[in-house]
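I opened this structure to look up its pockets and its ligand. My entries follow in the order in which I made them.

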Amino acid sequence: MLRFQTTAVHAGREDFATLCVHAPPLDLSTTYPVSDLGVGTASFDALVGGAADAANPIYARLHNPTVARAENAIAALEGTQACVAYGSGMAALTAVLLARRQHGGHVLVVRPLYGTADHLLASGLCGLEAEFVDAGQIAARRRADTTLVVIETPANPTLDLVDIRAVVAAAGDVPVLVDSTFATPVLQQPAALGATYVLHSATKFLGGHGDVIAGVVCCDEAHAAPLRTVRAATGALLHPLAAYLLHRGLPTLALRVERAQANARVLAQRLAEHPAVSRVDYPGLGKVRNAHLVGTQMCGPGTLMSFEMRAGHAAAAAVMAAVQVMTPAVSLGSVDTLIQHPAGLTHRVVDDATRAATGITPGLLRLSVGIEDVEDLWDDLAQALARAEARCPADDAAGRRRTLSVAAGA
Ligand SMILES: *Cc1c(COP(=O)(O)O)cnc(C)c1O
């Protein structure tokens, strides 16, 4: 078995020697000639039934070789038999929910989740009843018609960790879906811990360059086939050009994550010592829920953090307005550093009570650290924090005490 980095460079390229190419061919065909009707009919049946490939792709909603190469590469990185790609992370989650419906109508969900995932589940749009529970309540709340357990770790935007092994044990024979977008297969491989479905918004780290919207579900072949059937039926396809770009980003995935993580460790530490900041959520600082899983479940603390401006919403808005190197934008996992305001943007679709209960306060900013030089990132953040402090002084006593002790070198 090849190791991770070698796999990242070579996976999904197995047919290159036969094709005599060195870069993945980009196949934009919408339809494929069927000169042998017998082969065509058998291929059609196989693909609609969820087969990974067939002698003839027939029609691009059923199969595309460029997409299949990217899928094979991602499956190899997650250590699963299969990967099914969709037009977005939300389309990928929708496909899993639709595929599970035939097995039961109840889903157990652990918060916090990506805002739109929370909204999709809470709204019941896919015809499933979602019950939101703490990870510790899963065994007790499981019902005969429970068809799926959904967790996200690290969670968005609080960076809380969920113990995948414990959830899998509590779920019994109910499949567990882990949204592993924040971790990437570089830091965490949930299938090895018993997760049935590993979901990524490939828009984030897997694509990595801010130019692809995509989603993937990694799982065994038995669970992948119904997901392909849903994709063929609903048309939530990944375009081959997007798959090409996704595949192209994979060889540098680990390099990007490791560099961004090294930057994130430095920024988290400095933010935690800054007087304008009242709280930093970063698994590497040991304060998020289940931080002890860094080093076991997750081999590093990752590249995302959230921090709270002591002076609240106005100060957070001032930081977003003042950054020069970082991009004030939603999304994450790109080569460049992005900063955004969860309560005002990504988590607007989550109801107020849930936002408050999950620590998504008005002063909270989420930072997705990129691969720039960390000193330029800190200079940028420091000047933005100074501007925010000047415009919105935090006049509470705790803030003053903290400022004085930091000034005194404590
Ligand atoms: C972005 C994101 C999603 C949704 O993915 P899209 O590609 O935007 O549809 C789901 N989960 C997490 C953790 C995300 O960050």
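**Entry 1: the second largest pocket**

I looked up the second largest pocket and found 23 lining residues, with M90, Y114, T116, S201 and K204 nearest its centre. Two or more lining residues come from each of α5 (89-100), α6 (115-123) and β6 (197-201). The largest share, 3 residues, is from α5. I noted the term: on a 1 Å grid over the protein atoms alone, a pocket is an open set of points where a 1.4 Å probe fits, with protein on both sides within 12 Å along at least five of seven lines, and a lining residue has an atom within 4 Å of a point. Helices (H or I, at least four residues) and strands (E, at least two) are DSSP runs, numbered from the N terminus.

The volume of this pocket is about 340 Å³; a volume is the space filled by probe spheres set on the points, which are joined across faces, edges and corners. I sorted its lining by class and got 10 nonpolar, 9 polar and 4 charged residues. Here Ala, Val, Leu, Ile, Met, Phe, Trp, Tyr, Cys and Pro count as nonpolar, Asp, Glu, Lys and Arg as charged, and the others, Gly among them, as polar.

**Entry 2: how I read the model**

The model is predicted: local features need pLDDT of at least 70, side-chain atom pairs count only at pLDDT 80 or more, and totals for chains, interfaces and linings use all residues. Residues are numbered from 1 along each chain as its sequence is written, and side-chain values use heavy atoms, with hydrogens and water left out.

**Entry 3: the ligand**

In which pocket does the ligand sit? I found the ligand in the second largest pocket, where sitting means that more than half of its atoms lie within 2 Å of the grid points. Around the ligand are 13 residues, and G89, D179, S201, T203 and K204 come nearest; to be near, a residue needs a heavy atom within 4 Å. This shell has 5 nonpolar, 5 polar and 3 charged residues.

A ligand oxygen lies 2.6 Å from a side-chain N or O atom of T203. For S201, the side-chain N or O atom is 2.8 Å from a ligand oxygen. At G89, a polar backbone atom is 2.8 Å from an oxygen of the ligand.

**Entry 4: the largest pocket**

The largest pocket holds about 510 Å³ of space. Its lining has 31 residues, with H63, N64, P65, V67 and A68 closest to the centre. The largest share, 7 residues, comes from α4.

Methods. A polar contact is a pair of N or O atoms within 3.5 Å; within protein, one must be able to donate a hydrogen and the other to accept it, and residues adjacent in sequence count only if both atoms are side-chain atoms.
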